[in-house]
Amino acid sequence: GDINVRDYLEEPYSEATLLAGSATVTVNRDSKKHRIRLKALQKIVYSKTDLSRRTTDTLPGDAAKMPLATTGAIALEPVDTLAGGITAESAWKTHVFLCRNEPMETLVDKIARWYGVSVRIGDSSLVHQRFSVRLDDPSLPALLQALQRTALFNYELKDNTLTVR
């Protein structure tokens, strides 16, 4: 099957999304191996910390359904497809920048990875502001202009550091 894996050190969870076919995923937990069968358009989420999981690609309505995750918790979740068969988990493969109802505090991590910049939030009122955007292979200025349609903010790019405020 076609699997997309998401596992960044700074995020409190790891996930593997099966976009097509079927697959078996093995998760090591409590010194035991757990084998879990995935079907197409299903993802497995493994919590690495006791923090609540705030997925950066949550579609509207999903956030309320997310329970608090404890370390080692394993969850199976459905994957939503958008127009053109794109999923939030696979959009990056086709150079589509996609976020749905995503808070600035997690959006900045995605911007940093996409554009190779450091990002600082200089206005604490922006941290929890939520954004939704879908753009095909946007330049950084084009993305920022699209995000400004949701909430007014200023930005400055200097010495490879983007500051939003």
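Student: What do the buried residues of α1 pack against?

Tutor: They pack against β7, β8 (118-121), β9, α2 and β11. Packing here is contact, with heavy atoms within 4.5 Å. Buried means under 20% relative accessible area, exposed over 50%, partly exposed in between (1.4 Å probe, protein chains only). Helices (H or I, at least four residues) and strands (E, at least two) are DSSP runs, numbered from the N terminus. This is a predicted model: local features need pLDDT of at least 70, side-chain atom pairs count only at pLDDT 80 or more, and totals for chains, interfaces and linings use all residues. Residues are numbered from 1 along each chain as its sequence is written, and side-chain values use heavy atoms, leaving out hydrogens and water.

Student: Which residues of α1 are buried?

Tutor: Met104, Thr106, Leu107, Val108, Lys110 and Ile111.

Student: Okay, new topic. How many residues are in the largest nonpolar core?

Tutor: It has 19 residues, and Ile111 and Leu147 have the most contacts inside it. A core joins buried Ala, Val, Leu, Ile, Met, Phe, Trp, Tyr and Cys through side-chain atoms within 4.5 Å. Helix α2 gives the most to this core, with five residues.

Student: What does Leu147 touch?

Tutor: Leu107, Ile111, Phe131, Val133 and Phe153, not counting residues up to four places away in sequence.

Student: And which of Phe131 and Phe153 is buried?

Tutor: Both are buried. Together they form an edge-to-face aromatic pair, 6.1 Å centre to centre with 90° between the planes. Rings of Phe, Tyr and Trp (its six-membered ring) pair if their centres lie within 6.5 Å; planes under 30 degrees apart are stacked, over 60 edge-to-face, the rest tilted.
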